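Keep the sequence and the 3D view at hand while reading.

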Amino acid sequence: MKHPKCGALVVALMLVTNVFAQTAADGGNGSGEEFLDSIMSIGEVEVVANKRPEIIRPQTLAGADLQRLNSHSVADALRHFSGVQLKDYGGIGGIKTVNIRSMGTNHVGVFYNGIQLGNAQNGQVDLGRYSLDNIEAISLYNGQRSRIFQSAKDFSSSSAIYIYTRRPHFTDGKDYQLSVQMRTGSFGLANPSVVWNQRLTDKISMSANAEYTYANGRYKFRYTRKQLNGDIAYDTTATRQNGDVEALRTELGLYGYLPRGKWNLNGYFYTSQRGIPGAIVNNVFRRGERQWDKSAFGQGAFEKQFSDLYSLKVSGKFAWDYSRYLRDDPKELYLNNHYYQKEAYLSVANLFNITDWWSASAAADLQWNTMDADLADFAYPTRWTQLAAIATAINYKRISLQASLLCTFIQESTRSRKLYTASPNKHELSPAVFLNYRPTGDDIFEIYGFFKKIFRMPTFNDLYYTEIGNANLEPEYTYQYDIGFSFSRPLGHKFFDFVSLKADAYYNTVKNKIIAYPTGKQFRWTMINLGRVRIAGLEVAGDVAAHVGKVGMKLRTQYTFQRARDYTDPGDTFYGDQIPYIPRHSLSVSYNASWLGWDFSYSFIYTGERYNEQENNRYNYEPPWYTHDMSLSKDFKIGAVQLRIAGELNNVLNQAYEVIHNYPMPGRNFRLTAKLTI
Amino acid sequence: MKQFITYISAAVLFSAATSCQRDDVLIDIVQTQVTEPVMTDVFGFYLLNEGNMGSNKASIDYFDATTGIYNRNIYAARNPEVVMNLGDVGNNIMIYGNKMYAVINCSHKVEVLTPDSARRVAQIDIPNCRYALGHDGNLYVSSYVGMAQIDPTAPRGAVFKVDTASLTVTGSVEVGYQPEEMTIIGNRLYVANSGGYHVPDYDNTVSVIDLRTFTVADVMTIEQSANFHRMDRDSHGRLWLSSRGDYYGNINSDLLVIDPESKQVIKEMGIPVSDMWADGDMLYTISTEWSYVTGQNTVTFAKIDMAAMQVIDRNIIKDGTEKSITLPYCIAVDPVTKDFYVCDAKSYVVSGTIYCFNRDGILQWKQTTGQIPASIAFYGKTENIIKHYDNGNE
């Protein structure tokens with residue numbers, strides 16, 4: 001999806017806040033960071049027409065815009081994007097996943113510095129674990145990132161979120177940069193972090209980053225019900241228990257530049273322990289479940305343009321994940337399970353610039369996943385995946401076109417004691433076409449569209465989970481059709497600096513949807529391919545940047561309408577009903593004003609009524625929720641030291657709400673941040 | 001520009017105001033006339049719906065036979081002051097003496113209600129409670145976890161004893177793993193142990209509790225089966241015990257007849273059972289068996305003469321209605337009219353359906369229930385239907 005907000009960012013920054021524009025420019029020149037490339041290209045309109053790698057721009061939050069949001073994690077920030085439904089179980093430690101355009105969480109690919117974060121066990125990435133501390137940009141692409149010089153994996157999901165950490169860039173001829181940050185606030189939060197960037201040689205720099213998070217996770221929540229006559233039936237306030245979290249994240253990156261190329265190596269380690277607060281139900285306000293996680297990965301990429309004709313990109317990763325789940329509650333049955341996952345990944349992508357308006361690419365990826373667990377009768381599955389993608393791009397005058405074809409081959413094996421047969425081998429062909437037309441010949445007005453067919457593999461849980469899994473599952477398919485336009489231009493008006501508007505209409509179907517199906521068994525379910533969902537949606541987003549004297553202002557709004565209906569079986573009582581947790585209407589507004597180092601932000605997020613189960617009846621009704629969040633910050637410069645102090649107030653009106661049924665969200669809460677940069 | 005900002009702000013405020021989080025109002029009873037009024041000693045029945053785990057959607061429906069009206073979701077309206085409603089996973093409902101007891105598994109409580117109006121009398125906290133049985137002024141409640149555990153990583157279940165006058169727990173005794181239904185013969189309480197959470201090592205024992213001392217007097221081991229669930233007795237003092245099987249085909253779901261004296265299995269009925277209801281010596285059973293081969297559930301309904309230990313009918317629904325029942329979850333027989341009720345839990349995540357059949361197996365009426373209709377308790381003139389409950393049924 002094309003995103004005028006990048007343009008808004010650059011223009012607004014240049015016009016309003018010189019300092020930030022300078023930073024962005026530095027980043028663009030120095031780091032070659034992928035998102036900054038695309039941002040910078042917008043300013044150079046003439047170049048863009050032929051060279052822009054992505055023909056449908058993503059929604060992006062970057063730099064100062066990202067830091068201004070009252071967001072702790074990547075998941076919180078994604079609430080500001082169109083078409084995104086966040087599943088939030090509440091609190092700092094609660095799981096947060098996203099569902100894009102109602103196709104399901106498992107269809108969202110999450111890419112961290114260009115390589116996908118995997119979870120073969122359940123196919124979901126907890127975005128609550130990725131703090132915004134060291135994040136430079138987050139981009140959301142519907143369909144896929146519409147460029148062709150990328151690994152085959154980049155073509156392989158229904159929609160994709162790209163998270164980019166900061167690459168070091170140095171100002172004032174310095175060879176290092178050090179920043180120390182401390183956050184505190186509600187939920188007993190203590191969140192110190194440190195970033196150290198060092199230039200090692202002319203061409204090589206290093207970034208080291210560590211962040212520690214502790215929170216007791218306690219917050220007040222309230223449940224009220226009224227009687228039919230309007231009297232209070234009950235009004236109870238309690239404290240959320242067992243939501244504590246303690247986590248340590250460390251990262252080390254090496255970044256190098258080559259003639260017409262670059263490389264990077266990154267190491268990541270995360271360890272955490274947390275309570276699982278669980279559902280609040282009658283007579284149960286505390287549960288005794290805990291989880292430990294350890295996650296480590298190393299990844300690297302090398303990219304070089306060998307000639308005008310040929311470029312090469314090689315990337316690879318090895319990841320190890322450990323998770324322990326403990327239920328030690330005297331009222332419940334004891335459980336203590338350990339899960340281990342390993343993943344290895346290698347990708348080679350080739351780009352051929354055949355003419356100045358025509359290019360083609362070929363990429364091949366190889367991935368290996370395995371999982372161990374100390375469950376009774378566990379299957380111990382191993383999966384091999386080979387992906388091959390060919391793509392071509394044409395940028396001819398006012399038209400840009402991309403077409404790609406992804407071939408996926410999957411083989412699985414199990415080493416189980418009994419009864420587990422491996423899922424049969426699979427091969428799939430997945431086409432996608434992206435089109436962009438600029439009627440005026442410039443970037444001010446664009447009309448674009450795409451079609452994509454893709455699938456997601458059943459997860460290891462779907463296939464092999466003890467008693468529930470079904471190894472005969474087929475992949476789940478999505479078909480996406482999107483058409484949209486965008487209008488964005490600098491205005492040079494007395495007040496208005498920039499305006500943009502974009503709208504998308506889309507229609508998706510999900511076929512062979514993997515759902516839990518009831519059996520007469522004690523554990524009730526098995527997984528089968530049964531569901532069918534049709535989704536029609538409309539997304540509108542607009543940005544305005546303006547200034548009055550030295551006060552710079554920005555307003556972002558987005559609205560999403562979705563009709564996501566279950567068409568599995570006409571005999572079902574929920575046939576034609578909206579699928580669970582998808583609101584018809586959702587909306588967000590954010591406003592920002594800055595003046596001489598002061599910065600004020602306000603955001604409003606609204607999610608309309610939903611249903612928490614398949615039947616759209618009143619027993620399953622979830623009321624709309626919305627929150628008002630505010631923040632104020634001030635930047636100081638004391639000699640060579642930059643100091644930033646920020647305060648945030650979230651859920652200003654202290655409203656009680658739930659995103660997920662029986663998982664109460666926090667009321668009014670605050671956060672204070674102090675950041676020192678040398 | 002200012003105008004523009006004002007306009008936007010106004011729009012925001014407007015949307016905020018109009019879309020205000022609605023006051024959550026308790027959901028009222030939904031009444032439906034389903035049939036003609038019938039006056040017998042049975043005034044009607046309560047149906048406890050489980051609700052999916054974690055959803056807190058346990059609910060109680062009441063069918064009033066004297067008016068022919070089906071009342072859906074009566075608990076919230078009758079007990080508006082109870083915080084978070086009836087609770088999570090309603091497993092078993094029964095009437096004993098002058099009170100009704102609803103065993104709410106994942107809310108770890110037994111809800112004590114008035115049988116005439118389903119108003120709360122008390123709440124008795126019992127962890128992970130499953131089934132209740134009344135006898136001699138006491139209520140016995142099976143529970144997956146006992147009080148003090150020798151090995152907390154593999155907790156044994158327990159039977160709790162509740163004094164129905166003071167409505168307090170007066171004792172508990174440790175039994176096997178994950179105990180389910182119970183029955184009483186003489187002074188002995190028999191408990192079916194499942195071990196359902198010790199896959200593949202299911203429990204294959206029945207614990208025997210001496211009610212005079214409230215201690216475990218004996219443990220019966222049933223070699224040829226395991227994973228026990230339903231339990232009842234017949235007029236000849238024999239135990240009727242159902243096994244869920246092990247789902248792998250090593251142990252099939254079955255119904256066993258056991259002589260409690262010799263502790264021997266007298267007969268394996270060779271019929272799968274997921275729920276059963278004894279009306280006198282007539283046992284009605286239902287079962288659902290999943291097959292990975294066909295990818296479908298096979299549904300069975302049967303009637304068994306317990307005195308003769310013979311299956312007398314394997315097709316108790318005579319009008320073809322059984323074809324539309326996807327997942328029968330609960331069966332009950334009106335002790336007076338012999339009408340029988342079958343509850344369909346469908347996919348577990350949608351509203352269920354209750355079907356009323358007359359004694360000839362012809363559909364009389366059907367009605368939408370709460371989620372996962374699980375347990376039925378008839379309400380009527382106590383002296384005439386007490387026989388049924390005292391017989392050791394749920």
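Predicted model: local features only at pLDDT ≥ 70, side-chain atom pairs only at ≥ 80, totals over all residues.

Which residue takes a positive phi in the hairpin of strand 11 of chain B and strand 12 of chain B? The residue is B:L167, with a phi near 55°, and the hairpin has 4 residues between its strands. Strand 11 covers residues 158–163 of chain B and strand 12 covers residues 168–174; the two run antiparallel and are joined by 6 bridges. One pairing to look for is B:D163, which stands opposite B:T168 in strand 12 of chain B.

Leaving aside neighbours within four places in sequence, B:V159 is in contact with B:Y140, B:V141 and B:S142, with B:S172, B:V173 and B:V175, and with B:P179, B:M182, B:L189, B:V191 and B:I209. Apart from this core lies another, which has 62 residues, among them A:A75, A:Y164, A:W625 and A:Y626. The core meant by that comparison is the largest nonpolar one, with 106 residues, in which B:Y46, B:V141 and B:V159 have the most contacts. In soluble globular proteins, nonpolar side chains tend to be buried together.

A second hairpin in chain B is formed by strands 17 and 18, with 5 residues between them. In its turn, B:G237 has a positive phi of about 75°. The strands run antiparallel and share 4 bridges, with strand 18 covering residues 239–243 of chain B. The bridge partner of B:F228 in strand 18 of chain B is B:S243. Strand 17 spans residues 228–233 of chain B, and because 6 of its 6 residues are buried, it is largely enclosed by the rest of the structure.

Where does B:H108 sit? It is found in the loop between strand 6 (99–104) and strand 7 (109–113) of chain B. B:H108 counts as buried because 22 other C-beta atoms lie within 10 Å, and the cut-off for that label is 20 or more. Beyond four places in sequence, its contacts come from both chains: A:N283, A:V284 and A:K331 from chain A, and B:D125, B:I126, B:P127, B:N128 and B:C129 from chain B. B:N92 is 16 residues from B:H108 in sequence, and their C-alpha atoms are 12 Å apart.

That brings in the contact between the chains, which takes 58 residues from chain B and 55 residues from chain A. On the side of chain B that touches chain A, helix 1 (2–18) and strand 22 (282–291) of chain B each supply at least two residues. The residues of that side divide into 28 nonpolar, 20 polar and 10 charged.

Chain A has 7 helices and 35 strands. The C-alpha trace of chain A spans about 65 × 55 × 50 Å along its principal axes, and 50% of its residues count as buried.

As for confidence, the model scores ipTM 0.90 and pTM 0.89. Chain B has a mean pLDDT of 89, with 90% of its residues at 70 or more. Two stretches of chain B stay under 50: residues 12–21, with 14 contacts beyond four places in sequence, and residues 386–394, with 20 such contacts.

Notes. Residues numbered from 1 in each chain as written. Chains lettered and ligands numbered in written order. Contact = placed C-beta atoms within 7 Å. Nonpolar A, V, L, I, M, F, W, Y, C, P; charged D, E, K, R; others polar. pLDDT = per-residue confidence, 0-100. Buried ≥ 20, exposed ≤ 12 C-beta atoms within 10 Å, placed from the backbone. Pairing = 2+ DSSP bridges. Core = buried A, V, L, I, M, F, W, Y, C linked by C-beta atoms within 7 Å.
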